[in-house]
Amino acid sequence: MPYIYTSVRQCHSDMLPLLRGLYIENPTDSMSYTRPDEFLFGDLILGAPVTEPGLGKDFIVNKEVYFPAGSSWYHFFNGKRFEGGTIATVPTPLEESPIFVKGGWMLPMQPYTERMASTPLTTLVVRCYPGADGDNHTYQLYEDDGLTLDYEKGRFATTDLNYSRKGNRQTYVINPVKGEYEGQPLKRAYRFELPDIDANSKVKALGCKAKTSYDKASDMLIVEIPATDIRRKIEISVN
């Protein structure tokens, strides 16, 4: 929901559609005009819906996907990496949809609740797939009360989520929240989900050695920060 809500705010403020053809973001890429079955969902997610029946006893569809140039892309469900500017065949079972996340950007999410749209964002989950050496990207999270038109009066908040990489050092920064609105959480916990990172990597959080865990099922290094002031800068570095 944090990513979806931010993307819908972008529709409102910038008149960019939530679902957009690849050519909108990549107008000089001729391949973008040949993939009518693919779309970008906001800035960071690529969708390639299955539109044909599966084969075999497991009904697997071998979906051909074009990955826009300029970045790597990662399968949301299994973490497999695909190079931008290439076409790959992606085996897709019934329980999955071909969804891919742009590498080198911090994707804001939240833990599951039964009422996702109205649950206060007291825990921010950020998943970030590795980018290329030299990457320095900032995604801006948007929040408001979700109930009133107070955002038209400037009652909303933004948070800059920055990823950078220099060689083997990757840095993830959640900058202090700017702005305020009625009902805004004043403290927030953070969960960093870092796929494709070695479990033995050296990790620092807030300048100190960090306690980490490793999710073998999803192949992700996990760093958790207890609830803290939303105006505090949170920085994680991985070597």
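Predicted model: local features only at pLDDT ≥ 70, side-chain atom pairs only at ≥ 80, totals over all residues.
Trainee: Where is Ile4 placed?
Mentor: Ile4 sits in helix α1, residues 2-14.

Trainee: New topic. Where does Gln110 lie?
Mentor: Gln110 is in the loop between β9 (106-109) and β10 (123-128). Gln110 counts as buried, because its relative accessibility is 13% and the limit is under 20%.

Trainee: What is Gln110 in contact with?
Mentor: Leaving aside neighbours within four places in sequence, its contacts include Met1, Pro2 and Leu121.

Trainee: Salt bridges next. How many are there in the whole structure?
Mentor: A search finds 14. One of them pairs Glu193 with Arg127, with the closest N and O atoms 3.0 Å apart.

Trainee: Which parts does that pair tie together?
Mentor: Glu193 is in strand β15 (residues 187-195) and Arg127 is in strand β10, so the bridge ties together parts 66 residues apart in sequence. Both Glu193 and Arg127 are buried.

Trainee: And what does Glu143 form a salt bridge with?
Mentor: With Arg188, at 2.7 Å between the closest N and O atoms. Glu143 is in strand β11 and Arg188 in strand β15, 45 residues apart.

Trainee: Is Arg188 buried or exposed?
Mentor: Arg188 is buried, with a relative accessible area of 2%. Glu143 counts as buried too, at 6%.

Conventions
Residues numbered from 1 in each chain as written. Heavy atoms only, no water. Helix = DSSP H or I, 4+ residues; strand = E, 2+ residues; numbered from the N terminus. Buried < 20%, exposed > 50% of the residue type's maximum accessible area, 1.4 Å probe, protein only. Contact = heavy atoms within 4.5 Å. Salt bridge = Lys/Arg side-chain N within 4 Å of Asp/Glu carboxyl O.
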